[in-house]
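User: I have not seen this one before. Can you walk me through a few parts of it?
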Amino acid sequence: MEGKEIYMVKGKTHIVKSLREKSGKTVSKILVGAMLLASAGTFTGCDANPEFGKQGSQYEKQDGIGLVGSGDSTEDNSDPGNANPGIGGSSSTNGLNVSAGTRAAANVPGYVQSKSYYDYDFADEENADFEALLDEIFENSVTSDSISYNFQVKDGSNYGVEAPEATLGDPSMDDEAIAEQKEDDQEMYKKLVAFEDQPLTESERWTYLNEKLDYEISLQIYDYIQFYEPFSPMRGLQSNIPTNFTDYRFDDKSDVEDYVAMMYQMRDYFDGYLDWERVKSEKGYFMADSTADQVIEQCNDFTEDPENNYMISVFNDRIDELDFLTDEEKESFKEQNKDAMINYVIPAFQDLADTMAELKGTGTNDGGLCNYDGGLAYYEDYLLPSFVGGTKDADTMMEYLQKQQDSLISDLSLIYYGNDEIYNDYYDKSDSLFAKTDSMTPSEQIDELMSGSMDNFPKLDTIPYTASYMDKSMEDIMENTLAYYMSPAIDDEEHNIIIVNGKHNSDLWGTLAHEGCPGHMFQNTYFQQTHPDKVRALAGNLGYQEGWAVYSSYEILPYYNFDDSYSTSDNEAMAELYSINEKLGYLIYGVIDIGVNAKGWTVDDVSNYLEESGFGTDGAQDIFDTVVGDPACYLSYSQGYFEMQELRDQAENAISDFDPVTFHECILSAGPCNYVLLQQRVDKYIEDNQ
């Protein structure tokens, strides 16, 4: 299910605590400390289940990875995510949605690097046949299910598209359905590449190259279909329910009717995927026991008190606010929703828990993907391109991240030996670094970010947005979610939404920079104001989106006044310490993800790596279980960030009078895309500015 991505930060570490040793020990032991949970991030993030997410620009969930969503996302944001297979590519009619919106390029079988975007001759007039194909891709994307439609467009008639009849989508995963979808996607790809040598405008050529590359990546899933997992802990259907429906937009009575209709479809929808889980079990590809336990726990939490489930109370509150319904209609919808929740939705979660318990123990692998026959190829050919992009395989990425780790440790040592007073101050204040803004509301903090920290970014008119706290009934259910950003429908650009979990009301500055400005909200708003074609307007790419949100949130840190007594250099050092600590958190998860899923690391290996890196080892099992349950997700943040920073370094080193504003314009105007294509834009930017 495709939908607008929601970037959300789940499980952000509240700083990787430094373990100082005041005697003359090695710097690496002085520097970094115990990892608690995942580092900050928007989980746009990975969009959960490809079929059930809101991805396109904002949905992040779970431990800082983007679900369907990006909030930190995104969200997910995501999202991922938001991971959400994405927006903008082929659209599927069954449960395996492999549309290409979040896909990125990599060294995958069958992928041939196209000539550079700038090597093409651009036509002066639009290609009518190509525009017709884009219309078809767009319609497939927004009408594949009702959640996709609701999050992506407000009024489909603006684009000549009719709203679909209320549906969660087709969860069919039998051999015939998969073969039919594969044939449909291959046919769409053939239609697309037929335009390789046809005249296209500059905008059309950029859309073409992105769509082509996205399809080439997403088509890889059919070679590894046995690994497709609709119920992963962070990105699965069950983990996306809270925001997919509590954020469902009610513009008129038909939206409410569709919502209730989908509630009644929930049990059948889950059953389609549960049949797939039984097939996976028979073939030896059922999830690890630890992953099954996480899913069962999620289901038990959701079904604990059916009569008082938060989805009932939140729905009732939202219905009471609708002025286009009569009192009688409101009561009727409340009764219908409660009936659907108790007799269809709750049973769907109970069915899932029962099936997980029934099949638990039938899996043949409790470790990383590489322990399966074909698992490493799936990780490198599909997951890394989908969640990161670029051209690095697992070995190269591991080596790259470990070099970055050494560099960060070196940077820490320089600060420690050059300014041990500020280093010690950072350690002492690590739980209250942003105390000066903790008393401000989320809106006040975002306004402060937009007005006082954006000198190095292109100017935008005021961004209309709403920042609010999530319903208290959801705070515990989503306790690992600090905040998330939900992008507006592409024809309703003023409704940017940031939701904050009131249980985590301190140290929000970095999170709101990630979710708001200059992170996800700024990136999405800037790109939409370039008036991209409608297919690109839906585009999502986790590596780009999370890479930008992490990168840009670090860019504004020096503007924060940590302490009135600090000199400018002390303030900058404090900002650098904070960002290094966070980068190390992301990086550690990225390295472990590759170690477990590409190298076959065990829990002991994870523990040894943490200890050798100067981190505490208490969380080794939890981190191991996380990357087994949702492989490659954290790499959207860690590797995504370093890919973005690498582009910045290339430009800054090559241009004598480097201007961060114009560099950021180059990145933002490209829109969500894979790093192979983004590299071409940056190369041209460097050439034009040397």
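This is a predicted model: local features need pLDDT of at least 70, side-chain atom pairs count only at pLDDT 80 or more; totals for chains, interfaces and linings use all residues.

User: Let's start with helices α24 and α25. At what angle do their axes cross?
Analyst: Roughly 135°. The axes of α24 (residues 635-654) and α25 (residues 660-670) come within 11 Å.

User: What does that make them, oblique or roughly perpendicular to each other?
Analyst: Oblique. Roughly perpendicular would need an angle of 65 to 115 degrees.

User: And is the crossing left-handed or right-handed?
Analyst: α24 passes α25 in a right-handed crossing.

User: Which residues make the contact?
Analyst: From α24, Met644, Leu647, Arg648 and Ala651. From α25, Pro660, Phe663, His664 and Ile667. By class, the contact has 6 nonpolar, 1 polar and 1 charged residues.

User: Changing topic: where does Asp630 lie?
Analyst: In the loop between α23 (620-629) and α24.

User: Buried or exposed?
Analyst: Asp630 is buried, because its relative accessible area is 2%, and buried means under 20%.

User: What is Asp630 in contact with, leaving aside neighbours within four places in sequence?
Analyst: Ser232, Pro233, Met234, Arg235 and Asp593. With Met234, a polar atom of the Asp630 side chain lies 3.0 Å from the backbone nitrogen.

User: Last one, Gln545. Which helix is it found in?
Analyst: Gln545 is in α20, residues 542-555. Gln545 is buried as well, with a relative accessible area of 1%.

User: How many residues apart along the chain are Gln545 and Pro672?
Analyst: They are 127 residues apart along the chain, and their C-alpha atoms are separated by 6.3 Å.

Conventions
Residues are numbered from 1 along each chain as its sequence is written. Side-chain values use heavy atoms; hydrogens and water are left out. Helices (H or I, at least four residues) and strands (E, at least two) are DSSP runs, numbered from the N terminus. Buried means under 20% relative accessible area, exposed over 50%, partly exposed in between (1.4 Å probe, protein chains only). Axes are lines fitted to C-alpha atoms, for helices over the stretch in contact, and angles run from 0 to 180 degrees between N-to-C directions. Angles under 35 degrees count as roughly parallel, over 145 as roughly antiparallel, 65 to 115 as roughly perpendicular and the rest as oblique. A crossing is left-handed if the near helix is turned anticlockwise from the far one by less than a right angle, and right-handed if clockwise. Contact means heavy atoms within 4.5 Å. Ala, Val, Leu, Ile, Met, Phe, Trp, Tyr, Cys and Pro count as nonpolar, Asp, Glu, Lys and Arg as charged, and the others, Gly among them, as polar. A polar contact is a pair of N or O atoms within 3.5 Å; within protein, one must be able to donate a hydrogen and the other to accept it, and residues adjacent in sequence count only if both atoms are side-chain atoms.
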